[in-house]
Amino acid sequence: MEWSDGRIRCRWANPKNEAYIQYHDREWGIPVYDDGHLFEMLVLESFQAGLSWECVLNKREAFREAFDSFDLSKICAYQEADIERLMGDSRIIRNKLKIKAAVNNAQVFCEIQREFQSFSNYIWQWTEGRIIYETGLAYSPLSDAVSKDLKKRGMKFVGTTIIYSYMQAIGIIYSHEEGCFLEHCES
């Protein structure tokens, strides 16, 4: 694939989409410990189910606006009127089950924060704070276990493939492909 800056990137990155290139180069695979960002990525990944990440990424700013900048306390308090407002927002993915899941998952996210002092503590405890380096997978025993636990706690749209993708996005799993200029980066 031909890149204007001469760098080689993972095959999934679209060279014609600047937002996608920036996401690949500056965000994907970089360890995240901030609960606000962890929540945003969890919501966005859940909306990806059945769609491409590029589709969700292209709507990211609209999602931020529609979901009150992913303010956890506001989303936890969403009522039916908020769900209907979101269903009427043509800038985002208008799937009622996913929208309701975002509200539900915000509430479970808060419960996990209370139990572990932060969601970051919860999600990183699965690897004892270590980064897992692997490529070519869509799920793993780790994503199976995290998915199962999140479902048991009441989250929705957190299947093993979504959770694997989520853990790649937040840097728990580092998956830059062979040949990518970021393949051997240590965060």
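**Exercise 1.** In this predicted model, is aspartate 89 buried or exposed, and which residue does its side chain meet in a salt bridge?

*Solution.* Start with the accessibility. Aspartate 89 has a relative accessible area of 13%. Buried means under 20%, so aspartate 89 is buried. Next, find the partner. The side chain of aspartate 89 meets that of arginine 91 in a salt bridge, at 2.8 Å from N to O. Last, check the partner. Arginine 91 has 36% relative accessibility and counts as partly exposed.

**Exercise 2.** Which parts does the salt bridge between glutamate 84 and lysine 96 tie together?

*Solution.* First, the distance: the closest N and O atoms of glutamate 84 and lysine 96 are 2.8 Å apart. Then place each residue. Glutamate 84 sits in helix H6 (residues 80-87), and lysine 96 sits in helix H7 (residues 96-116), so the pair links parts 12 residues apart in sequence. Glutamate 84 is partly exposed at 40%. Lysine 96 is partly exposed at 32%.

**Exercise 3.** Where do arginine 153 and glutamate 115 lie?

*Solution.* The two form a salt bridge, with the closest N and O atoms 2.7 Å apart. Arginine 153 belongs to helix H9 (residues 141-153) and glutamate 115 to helix H7, so this pair ties together parts 38 residues apart in sequence. Arginine 153 is partly exposed at 25%. Glutamate 115 is partly exposed at 46%.

**Exercise 4.** Which helices do the buried residues of H1 pack against?

*Solution.* List the buried residues of H1 (residues 18-26): Tyr20, Ile21, Tyr23, His24 and Asp25. They pack against H2 (35-48), H3 (53-58), H4 (60-66) and H10 (160-169). Now look at the N-terminal end of H1. Asparagine 17 caps it, with a side-chain oxygen 3.1 Å from the backbone nitrogen of alanine 19.

How values were computed. Residues numbered from 1 in each chain as written. Predicted model: local features only at pLDDT ≥ 70, side-chain atom pairs only at ≥ 80, totals over all residues. Heavy atoms only, no water. Buried < 20%, exposed > 50% of the residue type's maximum accessible area, 1.4 Å probe, protein only. Helix = DSSP H or I, 4+ residues; strand = E, 2+ residues; numbered from the N terminus. Contact = heavy atoms within 4.5 Å. Polar contact = N/O pair within 3.5 Å; in protein donor to acceptor, adjacent residues only side chain to side chain. Salt bridge = Lys/Arg side-chain N within 4 Å of Asp/Glu carboxyl O.
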